[in-house]
Amino acid sequence: MDVKKIYMDADALLEGHFKLSSGNHSQFYLQSAKVLEDPKTAKVLAQALAKQIKESGLEIDTVCSPALGGLIAGFALATALDVRFIFAERVNGAMNIRRGFEVKEGEKVLMCEDIITTGGSAMEAAAVVRELGGEIVGVAALANRGFCKRENSDIQTKPNCKLPQDIPFFALADFTFEMYAPEACPLCKDGSEAIKPGSRGN
Ligand code: ZN
């Protein structure tokens, strides 16, 4: 399956000159929500991810996603794995599990995001699951920005990766495009102006 082509066809992988939330500039931007707006595509991607996870033999009781970004991917993955789905959400900046969701002592929980950059949000949500007694058995995402090593890829973990190294990380593809500090951005040097993704029209 050509995951990059699926993202391109869905206008979920944008090419241009972007200002990322970190302040860095990039020629590419992943708008993961776009690839999931067609439920058929979401289902195909989630089934491919579920197949990888099942083949690994990992036992999972529940998929948990941090809101908002991970919700659709997590729900689609839980459907494909035929397990329970819960989510964590930020309340005044801190990750929480609310809405009557319970986590049992020793419950095997797979954290799921749409895209893993450093894995910060997934690990914040994982800490809440652990506090409630759950065991984090793995992390999954549709796309990997290339800072963390995933199963079936030879990309090496970078120092800013926040995922623990002792549990598996599953993703469908690596999207390892360059990021530049604004003063070192070759696109700026060529005279174009960086736009903020998520602003009107993108
Ligand atoms: Zn630039």
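**Cysteines and overall fold of the predicted model**

The sulfur of Cys 64 lies 9.7 Å from the closest cysteine sulfur, that of Cys 112, which is too far for a bond. A disulfide requires the two sulfur atoms to be within 2.5 Å. Cys 64 is buried, with a relative accessible area of 0%. Cys 188 is partly exposed, and its relative accessible area is 30%. The structure is a predicted model.

By the distance rule, the count is one disulfide. This bond joins Cys 148 to Cys 161, with an S to S distance of 2.1 Å. The link between Cys 148 and Cys 161 is right-handed, with 110 degrees about the S-S bond. Both partners sit in the loop between β7 (135-144) and β8 (169-174), 13 residues apart. Cys 148 and Cys 161 are buried.

The chain has six helices and nine strands. Its radius of gyration is 17 Å, which agrees with the value near 17 Å for a compact globule of 202 residues. Along the principal axes, the C-alpha atoms fill a box of roughly 55 × 35 × 35 Å. Of the 202 residues, 47% count as buried. Among contacts with a separation of 6 or more, 65% come from residues 24 or more positions apart.

The accessible surface of the chain comes to about 10500 Å². Carbon and sulfur atoms account for 50% of that surface.

Conventions. Residues are numbered from 1 along each chain as its sequence is written. This is a predicted model: local features need pLDDT of at least 70, side-chain atom pairs count only at pLDDT 80 or more; totals for chains, interfaces and linings use all residues. Side-chain values use heavy atoms; hydrogens and water are left out. Helices (H or I, at least four residues) and strands (E, at least two) are DSSP runs, numbered from the N terminus. The radius of gyration is taken over C-alpha atoms; the globule rule is 2.2 Å times the number of residues to the power 0.38. Buried means under 20% relative accessible area, exposed over 50%, partly exposed in between (1.4 Å probe, protein chains only). Contact means heavy atoms within 4.5 Å. Accessible areas come from the Shrake-Rupley method with a 1.4 Å probe; for residues, only the protein chains shown count as cover.
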